[in-house]
Amino acid sequence: MIWDAFGKAVAQLGDPRFLRVLALGIALTIALLIGIYAGFILLIAQLGWDSITLPWIGPIGGIDTLVGIGGAIVLIVASIFLMVPVASAFSGIFLDSVADAVEARHYPALPPANPLPLSDTLISSFNFFFLLVFLNIMGLILFFWTGPLAPFLFWAMNGYLLGREYFTLAAERRIGRTAAIALRKRYSGTIWIAGILMAAPLWIPVVNLLIPVLGAATFTHLFHAMKAREV
């Protein structure tokens, strides 16, 4: 069931609606990171940190330039770490379009889904973002104690989160949140394994940016397969 759903999702990656969500997620992420850096540089300019005076050494100039360069390095490192969570959060706002595209191609006889309220989508997306960042920070900390087990820990944590989030998003637009959570609990093992499949490529540059779209499509297929088994 998982590989069938994943294969169908990959086969539809060229769909214009998929590409639109992917482009929006990446563009908004880049815009946010640039905005953070611009705000940081503006703050430095406003504070007027052009020099500092050190004991026994005296004044040292060019501090604003050094801080600016340091800020750029920090931004690059932060962007590597934050790109996927932020892109996932932004893409989550538009994932209804991915589910609609999947259902239009593979389940054309279905009636229109109930669109999720924008407020619920925003809350869900940003809750997911903060959870993803928190667990990845915890994963980095635990890395020093787990050593070679770190990738498995990373996959297990992120697999749980990705499966939980994407399945709920796919299901609640059809059967409501309460029923979606109940169905998720009945198939928790399958959903976790599918989430791990989504989490495994998160360390691969460029490929990791496809995960929000692939995840939404895969779990839309999984929801319909599980729903069919319930009948």
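Modeller: Helices are DSSP runs of H or I with at least four residues, strands are runs of E with at least two, and both are numbered from the N terminus. On that basis, T168 is found in helix 6. This is a predicted model, where local features need pLDDT of at least 70 and side-chain atom pairs count only at pLDDT 80 or more, while totals for chains, interfaces and linings use all residues. Residues are numbered from 1 along each chain as its sequence is written, and side-chain values use heavy atoms, with hydrogens and water left out.

Start with T168 itself. T168 has a relative accessible area of 5%, so it counts as buried (under 20%; exposed is over 50%, partly exposed in between; 1.4 Å probe, protein chains only). Its side chain reaches the backbone oxygen of R164 at 2.7 Å. That is a polar contact: a pair of N or O atoms within 3.5 Å, where within protein one must be able to donate a hydrogen and the other to accept it, and residues adjacent in sequence count only if both atoms are side-chain atoms. Leaving out residues up to four places away in sequence, T168 touches R177, A180 and R184. Contact here means heavy atoms within 4.5 Å.

Helix 6 also carries R174. The side chains of R174 and E103 form a salt bridge at 2.7 Å, N to O; the term needs a side-chain nitrogen of Lys or Arg within 4 Å of a carboxyl oxygen of Asp or Glu. E103 lies in helix 4, so this pair ties together parts that are 71 residues apart in sequence. Both partners are buried. They belong to a salt-bridge network that links D96, D100, E103, R173 and R174. By this rule the count comes to 8 salt bridges.

Next, D15. It meets R17 in a salt bridge at 3.5 Å, N to O. It also meets R105, at 3.9 Å. D15 is buried, at 7% relative accessible area. R17 is partly exposed at 38%, and R105 is partly exposed at 46%.

Now the nonpolar core (buried Ala, Val, Leu, Ile, Met, Phe, Trp, Tyr and Cys residues joined through side-chain atoms within 4.5 Å). The largest has 37 residues, and V98, F167, M198 and F219 have the most contacts inside it. Helix 1 (2-11), helix 2 (16-47), helix 4 (95-106), helix 6 (150-175), helix 7 (177-186), helix 8 (188-199) and helix 9 (211-230) each supply at least two residues of this core. Helix 9 gives the most, with 9 residues. Leaving aside neighbours within four places in sequence, V98 is in contact with F18, V21, V213, A216 and A217.

Last, the whole chain. It has 9 helices and 2 strands, in the order α-α-β-β-α-α-α-α-α-α-α from the N terminus. Of its 231 residues, 40% are buried. Among contacts with a separation of 6 or more, 79% join residues 24 or more positions apart. The chain exposes about 12500 Å², and carbon and sulfur atoms supply 74% of that. Those areas come from the Shrake-Rupley method with a 1.4 Å probe; for residues, only the protein chains shown count as cover.
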